[in-house]
Amino acid sequence: MDEETPAMADTPKHSVSVAGIVVDEDDRVLVIQRRDNAHWEPPGGILELDESPEDGVCREVFEETGVSVAVEELSGVYKNMTRGIIALVFRCRRVSGEPTVSDESRAVAWRSIGEIVDDMDPAFAIRVQDALSREVYVRCHDGVELVGSD
């Protein structure tokens, strides 16, 4: 290694998370109210080392909501610039199960896009809007607000 190449320990560390935008036949979206901070968000969490992104989103949605899903498509990639988290967000459809609270969710509900925009921080509401548009987006945020240009 030459003097200009940083050692692996000196390079930034990122984590990868996954989230599911579960859409029903009325274009309502399955959302959770987190137990740790009471914020409304799409269900999701950290991707495990031994699982594919699609398997991870199915696991996370089920763990947080009790709903089994099928992944339809990637809808966006979102980077939290403050915490170094890369989120892969997938549009999904419900296969079975009824919304149920979990250790991670204090409430689980089907919400309209209007309710989501009112209840969620912009960095999370945009993920739902992007998934409903059926386009794929790459965006950055600071944990609450979008940053940079689109």
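Is E98 buried or exposed? E98 is exposed, because its relative accessible area is 54%; exposed means over 50%, buried under 20%, and partly exposed in between, with a 1.4 Å probe and protein chains only.

## Basis of the report

This is a predicted model, in which local features need pLDDT of at least 70 and side-chain atom pairs count only at pLDDT 80 or more, while totals for chains, interfaces and linings use all residues. Residues are numbered from 1 along each chain as its sequence is written, and side-chain values use heavy atoms, with hydrogens and water left out.

## Helix 1

Helices (H or I, at least four residues) and strands (E, at least two) are DSSP runs, numbered from the N terminus. Helix 1 has 13 residues and reaches 18 Å from its first C-alpha to its last. That is close to the 18 Å expected at 1.5 Å a residue, the expected span being 1.5 Å times one less than the number of residues.

The buried residues of helix 1 are G56, V57, E60, V61, E64 and T65. Seen down the helix axis, they fall within an arc of 125°, so they line one face of the helix; the arc is that of the directions from the axis to the C-beta atoms. These buried residues pack against strand 1 (15-22), strand 2 (29-34), strand 4 (44-46), strand 5, strand 6 and strand 7 (105-111).

## G66, after the helix

G66 lies in the loop between helix 1 (53-65) and strand 5 (68-80), and has a positive phi of about 80°. G66 counts as partly exposed because its relative accessibility is 22%.

Leaving aside residues up to four places away in sequence, G66 touches V61, S96, G97, E98 and T100, where contact means heavy atoms within 4.5 Å. The C-alpha atoms of G66 and V108 are separated by 9.3 Å, and the two residues are 42 residues apart along the chain.

## Salt bridges

A salt bridge is a side-chain nitrogen of Lys or Arg within 4 Å of a carboxyl oxygen of Asp or Glu. The whole structure has 12 of them. One joins E72 and R91 (3.2 Å, N to O). This pair links distant parts of the chain, with E72 in strand 5 and R91 in strand 6 (residues 85-96), 19 residues apart. E72 is partly exposed at 37% relative accessibility, whereas R91 is buried at 8%.

R59 and E51 also meet in a salt bridge (2.6 Å, N to O), and E51 is buried, with a relative accessible area of 16%. Another salt bridge pairs R94 with E98 (3.2 Å, N to O). Salt bridges that share partners join E48, E51, R59, E60 and E63 into one network.
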